[in-house]
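Dear colleague,

Please find the structure handed over below. A short account of the findings follows it.

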Amino acid sequence: MAGGDSVDESQLKGLAKYFNSTTNRGRANTAMATYAVMGAVILYFTLKPKSKSK
């Protein structure tokens, strides 16, 4: 199952250090980033001003 293999986190660099599929922390960060982007898109479309038609 995912996260079962032992990974040396000191070898991960760049974005792979925070967003990866081999560590539980990386998987959690990926999920949180996905939720944050989805929330931002929903807020954008909810709060944007309505265009007035002529």
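**Findings**

The accessible surface of the protein chain comes to about 5,000 Å², of which 62% belongs to carbon and sulfur atoms; such areas come from the Shrake-Rupley method with a 1.4 Å probe, and for residues only the protein chains shown count as cover. This is a predicted model, in which local features need pLDDT of at least 70 and side-chain atom pairs count only at pLDDT 80 or more, while totals for chains, interfaces and linings use all residues. Residues are numbered from 1 along each chain as its sequence is written, and side-chain values use heavy atoms, with hydrogens and water left out.

Of its 54 residues, 7% count as buried (buried is under 20% relative accessible area, exposed over 50%, partly exposed in between; 1.4 Å probe, protein chains only).

V37 is placed in helix α1, residues 24-47. V37 counts as exposed because its relative accessibility is 51%.

N20, in contrast, lies in the segment before α1. Why does N20 count as buried? The reason is its relative accessible area of 10%. A polar atom of the N20 side chain lies 2.8 Å from the backbone oxygen of A16. Leaving aside neighbours within four places in sequence, N20 is in contact with L12, G26, R27 and T30 (contact means heavy atoms within 4.5 Å).

Yours sincerely

Conventions:
Helices (H or I, at least four residues) and strands (E, at least two) are DSSP runs, numbered from the N terminus. A polar contact is a pair of N or O atoms within 3.5 Å; within protein, one must be able to donate a hydrogen and the other to accept it, and residues adjacent in sequence count only if both atoms are side-chain atoms.
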